[in-house]
Amino acid sequence: INATYLRQIEGGAKVPSLPVFINICNALKISPDYLLRDALEDNEVSKIRELAELWENTSPSQQKIAAAMIRAVLERRED
């Protein structure tokens, strides 16, 4: 795409086609949902992804503590 078209997309004057949007994401090395995050409704899938990212960035000992905390919360919730 040319620079003028990109500026129009950035400024909100134009909306890129899906292939152009995917190419922009690939060029920036980011996922489409990252750019759409403000536009997407907060839903279960985004919450699960967020938890998965948090989980992947923790050590095994932190995961053990987090799992115990989640179990405790769920057990208390059932009372």
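The conversation below goes through this predicted model.

User: To begin, how many helices and strands does the chain have?
Analyst: The predicted model has five helices and zero strands. Along the sequence, the pattern reads α-α-α-α-α.

User: And what share of the residues counts as buried?
Analyst: Of the chain's 79 residues, 9% count as buried.

User: Which residues make the nonpolar surface patch?
Analyst: Leu 28, Tyr 34 and Leu 35 make the patch, which covers about 310 Å².

User: Where does Leu 28 lie?
Analyst: Leu 28 belongs to helix 2, which spans residues 18-28.

User: Is Leu 28 buried or exposed?
Analyst: Leu 28 counts as exposed because its relative accessibility is 52%, and the cut-off for exposed is over 50%.

User: Changing topic, where is Lys 29 found?
Analyst: Lys 29 sits in the loop between helix 2 and helix 3, the latter being residues 32-36.

User: What is its phi?
Analyst: Lys 29 has a positive phi of about 60°, although Lys 29 is not a glycine.

User: Is Lys 29 buried or exposed?
Analyst: Lys 29 is exposed, since its relative accessible area is 73%.

Notes
Residues are numbered from 1 along each chain as its sequence is written. This is a predicted model: local features need pLDDT of at least 70, side-chain atom pairs count only at pLDDT 80 or more; totals for chains, interfaces and linings use all residues. Side-chain values use heavy atoms; hydrogens and water are left out. Patches are made of residues with over 30% relative accessible area and no salt bridge: like charges are joined within 9 Å, nonpolar side chains (Val, Leu, Ile, Met, Phe, Trp, Tyr) within 5 Å. Accessible areas come from the Shrake-Rupley method with a 1.4 Å probe; for residues, only the protein chains shown count as cover. A salt bridge is a side-chain nitrogen of Lys or Arg within 4 Å of a carboxyl oxygen of Asp or Glu. Helices (H or I, at least four residues) and strands (E, at least two) are DSSP runs, numbered from the N terminus. Buried means under 20% relative accessible area, exposed over 50%, partly exposed in between (1.4 Å probe, protein chains only).
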